[in-house]
Amino acid sequence: MLDSLPPPPVHDHPRNDMWVDEQIWGHRLWDSTTPWLIFLEFLGVAEACEREGRLLDDGGQPYPLRFKPARRLYLRNILYNSEALTRIATRGGNDVAAWDEWITTMNERAQGVPVRDFGYLRRRFNSFRDFASLVSMLRSSTIESGSNKRWSSRFVFPFGRHALYEDLNLATGTASREYINFGLPGELIYQMLCRCSSAPALRPHLAKALDGDPCDRLLALVEPDYEEDRQTRGNAFLPYRAHPCFDELGQDWLAVLELGLPRFDAYPHLAILGALHLLRYQLVVGAQVTERPAPSFICEIVAPRKTLVRELSVTSYQRNNALPERAVERFVTAISQEAGWQAAQGGEAPYTDCRRILVDRVRWPSTSKEYEGPHDPDQLLAEFRRASVARHRNHVANVHRSYGLGAGLVSRRGTTRLRYAPTDALLKALILANVSTRMDYRALLARLYERYGLVIGEREARLALDPDDYDEKAFAANSARLERRLRTLGMLRRLSDACAYVENPMTKSAR
């Protein structure tokens with residue numbers, strides 16, 4: 001039984017006219033983002049909460065999560081709204097003239113800053129060329145530089161706290177929060193980790209990550225000394241006090257962080273694992289709502305030709321992809337089966353009473369215009385079902401595909417249909433999170449099935465599949481292909497015909 005929290009007050013989410021997906025999975029799972037952007041959003045929340053002395057500590061109050069993310073608009077103007085900088089530096093000439101020209105340009109061009117005065121930079125650098133070289137180096141670390149064209153929605157690599165800030169829109173001249181890149185799944189991850197069993201162990205690792213490195217200190221050098229005006233944020237809602245998916249996410253992140261890897265090496269694995277666990281959270285909760293078994297993922301280790309495993313993987317993907325919508329439909333059906341709905345249908349004003357139940361439970365219909373059909377409870381429920389499914393299909397239904405592609409679990413490689421075919425990056429992240437030094441290859445396959453539902457070898461396929469679909473030879477070949485891939489990646493060693501070990505290549509390098 002899911003230990004659910006009551007929905008937040010309506011005034012906390014005035015734009016949400018319907019509250020169905022949110023009661024099942026939270027506010028909100030958002031498909032139009034990437035693992036890296038989800039990770040950056042998480043770090044921004046963590047930095048704001050650590051600044052207030054409550055990192056991964058909600059004080060026993062799971063809702064609301066309130067925090068004040070940084071904006072760092074001086075830094076962002078310099079990095080991404082300063083087209084003249086490279087041209088002036090390349091032209092060379094007198095250093096004083098170069099500073100004068102660039103500062104004049106920036107004082108005219110900068111947006112969102114409280115005072116347009118960039119003269120402080122002249123006192124912090126030996127020359128304009130040194131300053132331009134630093135900016136060029138920092139720009140080169142931009143995350144997903146090709147996807148975000150608007151300068152206020154571009155993000156530097158998270159070297160430390162001075163590299164973290166929220167997504168903003170300055171189209172009107174005033175900075176306002178933007179949800180295109182940071183759509184709240186990063187806040188959900190933060191709340192998951194607050195409620196996971198590994199929170200105390202994770203806290204010092206995340207605090208250390210915020211301390212930064214030399215590049216973070218350089219970023220601090222670019223900003224002036226001033227008290228930034230930060231707006232209070234935090235309208236994400238995670239509907240469960242505890243959940244196994246929260247603990248599994250925390251355990252995986254902790255395993256990677258305990259390797260002590262440089263952030264350039266560790267963060268890509270954390271981003272991949274974060275997206276994978278959000279995907280699993282959606283499907284596991286969907287299975288619980290619909291009273292189905294936990295989902296499994298038939299994974300093809302890509303073969304040069306079409307195989308039975310590929311066909312089963314396609315079917316597995318399609319079955320899992322339909323699960324969230326079935327959870328929405330089950331949620332609607334559950335309302336109609338409650339005693340209150342049944343009593344309302346038999347009362348003196350069945351339509352009015354049933355409509356009031358929907359308004360109270362799911363905030364629909366909020367106005368008379370949202371439902372113009374017959375004043376009949378059955379017709380009202382049918383329209384509510386249609387509207388909730390249609391709304392679900394806009395974004396939440398796409399999370400499985402979007403996060404799966406981003407995490408490297410879902411692929412179209414070698415076919416036009418989506419199926420589960422893990423990439424090298426995902427395989428490496430899973431091994432770092434589950435193999436401390438070395439592990440028997442068969443034991444790893446069993447762990448991937450027990451922990452994540454990933455089906456690769458013949459033993460796991462026998463447990464997950466119906467006898468009619470199971471083919472031992474096909475899955476044995478699938479397992480052999482994975483073994484060869486891991487050996488190529490330097491993560492597997494075969495000691496004899498009957499003994500193969502998967503190794504964590506980062507253990508020795510980190511110690």
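Colleague: Leaving aside its neighbours within four places in sequence, which residues is Val399 in contact with?

Modeller: Please keep in mind throughout that this is a predicted model. A contact here means heavy atoms within 4.5 Å, and once the neighbours within four places in sequence are left aside, Val399 is in contact with Leu29, Trp30, Asp31, Gln282 and Gly404. The residue belongs to helix α16, which covers residues 399–407, and with a relative accessibility of 0% Val399 counts as buried.

Colleague: How far apart in space are Val399 and Met192?

Modeller: Separation along the chain and separation in space have to be read side by side. Val399 and Met192 are 207 residues apart in sequence, and their C-alpha atoms are 17 Å apart in space.

Colleague: What does Ala255 touch, not counting residues up to four places away in sequence?

Modeller: Ala255, which is found in helix α10 (residues 244–257), touches Leu432 and Ala433 when those residues up to four places away are not counted.

Colleague: And where is Ser152, and is it buried or exposed?

Modeller: Ser152 has its place in the loop between α6 (128–139) and β1 (168–169), and at 1% relative accessibility it counts as buried. Beyond its neighbours within four places in sequence, the contacts of Ser152 are with Arg76, Asp167, Leu168, Asn169 and Leu170.

Colleague: Staying with burial, how accessible is His392, and which residues does it contact?

Modeller: His392 has a relative accessibility of 0%, and because buried means under 20%, this residue is counted as buried. It lies in helix α15, residues 377–394, and apart from its neighbours within four places in sequence His392 is in contact with Asp21, Trp25, Pro324, Glu325, Val328 and Ala397.

Colleague: Let us turn to the backbone. Which residues have a positive phi although they are not glycine?

Modeller: The general idea is that most residues other than glycine have a negative phi, and most peptide bonds are trans. In this model, Leu56 has a positive phi of about 50°, and Glu291 has one of about 60°.

Colleague: Where are peptide bonds cis?

Modeller: The bond from His27 to Arg28 is cis, with omega near 0°, and a cis peptide bond with omega of about 0° also joins Tyr63 and Pro64. Arg28 is found in the loop between α1 (21–25) and α2 (35–51), while Pro64 is in the loop between α2 and α3 (73–80).

Colleague: What is the secondary structure of the protein, and how compact is it for its length?

Modeller: The secondary structure comes to 21 helices and nine strands. The radius of gyration is 26 Å, close to the 24 Å that the globule rule gives for 511 residues, so the protein is as compact as a globular protein of that length. Along its principal axes the C-alpha trace spans about 80 × 75 × 45 Å.

Colleague: What do burial, contacts and surface look like for the protein as a whole?

Modeller: Of the 511 residues, 55% count as buried. Among contacts between residues at least 6 apart in sequence, 72% join residues at least 24 apart. The protein exposes about 22500 Å², and carbon and sulfur atoms supply 49% of that area. As for charge, the mean positions of the 69 positive and 64 negative charges are 5 Å apart.

How values were computed:
Residues numbered from 1 in each chain as written. Predicted model: local features only at pLDDT ≥ 70, side-chain atom pairs only at ≥ 80, totals over all residues. Heavy atoms only, no water. Helix = DSSP H or I, 4+ residues; strand = E, 2+ residues; numbered from the N terminus. Rg over C-alpha atoms; globule rule 2.2 N^0.38 Å. Buried < 20%, exposed > 50% of the residue type's maximum accessible area, 1.4 Å probe, protein only. Areas by Shrake-Rupley, 256 points an atom, 1.4 Å probe, with all protein chains shown as cover. Lys, Arg positive; Asp, Glu negative; His and termini not counted. Charge placed at Lys NZ, Arg CZ, Asp CG, Glu CD.
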